[in-house]
Amino acid sequence: MTEFVFEPQAPVGVPVRGSRASFPVRRVYCVGRNYAAHAREMGSDPDREPPFFFCKPSDAVSYVADGTEGTFPYPPGTSNCHYEVELVVAIGKGGKDIPVEQAASHVYGYALGLDMTRRDLQNESKKTGRPWETGKAFDKSAPIGPILPVSEIGHPQKGAVTLAVNGVEKQRGDLSDLIWSVPEMVSYLSKLFELQPGDLIYSGTPEGVGPVVKGDVMLCRIEGVGELTVKVV
């Protein structure tokens, strides 16, 4: 039996709707600029860019149960923290060099999530050519709702994606607007990393990203997937 110098952290688990079991999170991959309008608002040309990815640690994932108001602690070191509502893809079968036509079979289910971003720190990293971790990979930066198995909802390919702050809609898009579809992003990512069960892929956000402050309430919805309510504290 292996001995550790101290007790290792327990795995991060995201509950599966309709089950007593949880999905054990291994890695969190995020797709950048996967909606054309959002890519343009961030100053890039989506028609000429292949997908790119960045990561968050698994313990950045913060679960919010159905019908509850989760909390997002406003992070230190920033005065410009932004919301980004996203469809999250949960990988249930690993693989590398996965063909696009087989990629959907590697997906266990889907969830609704937020990729919270310290935009000022991310922008500074872009200017200096440094990594994005300070802007993206901070504590509690990946709120998420329950995972819905493919066996229950299939593979959503269209449906409104919205986010409102204090009742005012800020983001609106549609899953059909994704530049890289779920099978395409899973296939592409598997050529860079060997995917494993437990991986999550945050699939990108529509246009309309913007800042929140303490006290704001974010209401996220993806048609066919559910709702997520998170208060900034």
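**Exercise 1. Work out which residues Glu 84 touches, leaving out those up to four places away in sequence.**

Step 1. Take contact as heavy atoms within 4.5 Å. Glu 84 then touches Gly 113, Leu 114, Asp 115, Thr 117, Arg 119, Lys 136, Gln 171, Thr 205 and Val 209.

Step 2. A quick word on the ground rules: this is a predicted model, where local features need pLDDT of at least 70 and side-chain atom pairs count only at pLDDT 80 or more, while totals for chains, interfaces and linings use all residues. Residues are numbered from 1 along each chain as its sequence is written, and side-chain values use heavy atoms, with hydrogens and water left out.

Step 3. Now place Glu 84: it sits in the loop between E7 and strand E8 (85-91). Strands here are DSSP runs of E, at least two residues; helices are runs of H or I, at least four.

**Exercise 2. Decide whether Glu 84 is buried or exposed, and find its polar partners.**

Step 1. Its relative accessible area is 4%, so Glu 84 is buried (under 20%; exposed is over 50%, partly exposed in between, 1.4 Å probe, protein chains only).

Step 2. Look for N or O pairs within 3.5 Å, one able to donate a hydrogen and the other to accept it; sequence neighbours count only if both atoms are side-chain atoms. The Glu 84 side chain has such a polar contact with the side chain of Arg 119 at 2.7 Å, and another with that of Thr 117 at 3.4 Å.

**Exercise 3. Find the buried residues of helix H3 (residues 119-128) and what covers them.**

Step 1. Pick out Arg 119, Gln 122 and Ser 125.

Step 2. Their cover includes E7, E10 and helix H4 (133-136).
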